[in-house]
Amino acid sequence: TTLILKSCERDEVPYRSERLTPTQHTVRITMAKLKVSELRTKNKQELLNQLKDLKAELAALRVAKVTGGAPNKLSKIKVVRLSIARVLTVISHNQRAALQKAYEGKQHKPLDLRVKKTRAIRKALTKEQASKKTVKIQKKTAQFGLRKFAIKA
């Protein structure tokens with residue numbers, strides 16, 4: 001997306017509340033900060049196209065940095081890099097969700113899709129296993145149940 005801001009008088013505040021001096025005629029802003037909520041609605045191909053555009057823009061900004069470009073271009077490198085990271089994160093989240101769905105209900109899952117927790121928690125007995133009693137204990141509790149006492153005060 002490209003947005004062009006026109007110059008205005010000193011007292012007026014233009015769109016996006018950026019003050020422009022009368023000598024500035026046009027300012028070009030490309031690729032504003034991406035919102036993850038917007039990225040999540042896009043499909044994989046749109047995300048890959050956006051990633052390609054962002055990488056091309058980053059390459060252009062790096063060329064401008066080497067050739068001694070304007071300071072606003074140099075500060076924009078960070079924004080573009082963060083946008084690339086956001087797009088890559090959304091792509092990986094979508095892939096992971098698709099894999100989770102594919103392996104749902106199956107006996108074995110890939111290690112990276114399993115619940116991490118801690119090793120001790122993973123190896124611990126389940127509630128059902130921990131509550132089971134041996135035959136000997138079952139007989140003992142049947143023979144000698146809990147005694148009830150009445151305490152005189």
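Predicted model: local features only at pLDDT ≥ 70, side-chain atom pairs only at ≥ 80, totals over all residues.
User: What are the ground rules for the numbers?
Analyst: Local features need pLDDT of at least 70 and side-chain atom pairs count only at pLDDT 80 or more, while totals for chains, interfaces and linings use all residues. Side-chain values use heavy atoms, with hydrogens and water left out, and residues are numbered from 1 along each chain as its sequence is written.

User: Which pattern does the chain follow along the sequence?
Analyst: There are six helices and two strands, taken as DSSP runs numbered from the N terminus (helices H or I, at least four residues; strands E, at least two). Read in order, that's β-β-α-α-α-α-α-α.

User: Which residues of α2 are buried?
Analyst: Buried here means under 20% relative accessible area, with exposed over 50% and partly exposed in between (1.4 Å probe, protein chains only). Across the chain, 16% of the 153 residues qualify. In α2 they are L47, Q50, L51, L54, E57, L58, L61 and A64.

User: Which residue lies over the face of Y103?
Analyst: The test asks for NZ of Lys or CZ of Arg within 6 Å of the ring centre and within 35 degrees of the ring normal. At 5.7 Å from the ring centre, the residue over Y103 is K106.
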